[in-house]
Structure formats: C-alpha cells, structure tokens
Amino acid sequence: MFTAMIIDDERIVREGIRELIDWEKAGFRLGSDGKDGRGGLANILRENPDLVLVDIKMPGLTGIEVIREARQQGFAGHFIILTGFSEFEYARAALAMGVEGYLLKPIDEEELLEYVG
C-alpha cells in the first residue's frame, strides 16, 4: 500500500479530500496532513510519502517552494498541485518540477481518481 499526504491551509479542504474518494480502495493510506507550507515540508521529509497533494497558496511556504525544497532534500515522491488559481505561471512552474497533476478547486472526484486510482 502507498502513502499519501494532503497539504492545504484550509481544514475543510483537507477533510473534504480525505472523504472525497476511498483512499484504501485506491491503494493508499493517508499520512499526516500539512496545515501550511513549512509544516507540510517537515511532514514530507519525516514521512516520505509516495504521493503529496499540495496547495499552491499557503502561509510559510508556497506549494511551489515546498516542492522545490523537498526535491532539493532528496524527496523523490509524486506531487499533485491543488489550487483555486488557474494562472499559467503556477502550472508552468509546477510542471517544470515534475508535478504529475494540477487540480483546480473544488476538486472533482473523478479527476482525482484519474491520478490516484
């Protein structure tokens, strides 16, 4: 079984994603949540999940900064960006760092399952 982590500064978003799909059926166990960029990065480096769903705009570090720093620290897992912003610059920066997906909020169950299922 793989491990997934959700990093988003909005509690309702984290809880919603936890409930959106049957993670176990998709082959994942959910690890710790991250409530902001710095805490999320610390959780990534400590738990080394297989998949991280990370928001772009958060206090502390942005999602792009979290990804960049995690990669610099040797994290080789997968990232999916969660964002309410469809701006091309965010997508371009994320894709340049090898992000596997870019999901716009509100997250669609079927679209999320395409990435994890």
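## Terms and model

A residue is called buried here when its relative accessible area is under 20% and exposed when that area is over 50%, with partly exposed in between (1.4 Å probe, protein chains only). Helices (H or I, at least four residues) and strands (E, at least two) are DSSP runs, numbered from the N terminus.

This is a predicted model, in which local features need pLDDT of at least 70 and side-chain atom pairs count only at pLDDT 80 or more, while totals for chains, interfaces and linings use all residues. Residues are numbered from 1 along each chain as its sequence is written, and side-chain values use heavy atoms, with hydrogens and water left out.

## Helix α4 and its buried face

Let's start with helix α4, where Tyr90, Ala91 and Ala94 are buried. Looking down the axis of α4, the buried residues fall within an arc of 95°, so they line one face of the helix; the arc is that of the directions from the helix axis to the C-beta atoms. An α-helix has 3.6 residues a turn, so residues three or four places apart point the same way.

On the other side of α4, Phe88 and Ala96 are exposed. The cover over the buried residues of α4 includes α3, β4 and β5, where contact means heavy atoms within 4.5 Å. After α4 comes glycine 98, which has a positive phi, near 80°.

## The sheet

Five strands form an open sheet in the order β2-β1-β3-β4-β5, and their pairing is parallel. Two strands pair if DSSP finds at least two bridges between them. Because β2 (28–30) and β5 (101–104) stand at the edges with a single partner strand each, one side of each is left without a neighbour in the sheet. From one strand to the next, the twist averages 25°. Axes are lines fitted to C-alpha atoms, for helices over the stretch in contact, and angles run from 0 to 180 degrees between N-to-C directions.

Strands β1 (residues 2–7) and β3 (residues 51–55) are parallel partners over four bridges, and alanine 4 has leucine 51 as its bridge partner in β3. Four bridges also join the parallel strands β4 and β5, with threonine 83 opposite leucine 104 in β5.

## Helices across the strands

Helix α2 (residues 37–47) lies across β1, β3 and β4 (78–83), at about 170° to β1. Helix α3 (residues 63–72) lies across β3 and β4, at about 170° to β4. Helix α4 (residues 88–96) belongs to a right-handed β-α-β unit with β4 and β5. Right-handed means that, with the strands pointing away from the viewer, the path from the first strand over the helix to the second runs clockwise.

Rings of Phe, Tyr and Trp (its six-membered ring) pair if their centres lie within 6.5 Å; planes under 30 degrees apart count as stacked, over 60 as edge-to-face and the rest as tilted. By this rule there are three aromatic pairs. Tryptophan 23 and phenylalanine 28 pair edge-to-face, at 6.0 Å centre to centre with 90° between the planes, and both residues are buried. Phenylalanine 75 and phenylalanine 79 also pair edge-to-face, at 5.3 Å and 70°. Ring pairs link Phe2, Trp23 and Phe28 into a cluster.

Threonine 3 lies in strand β1 and counts as buried at 14% relative accessibility. Leaving aside neighbours within four places in sequence, threonine 3 has contacts that include Phe28, Arg29 and Leu51.
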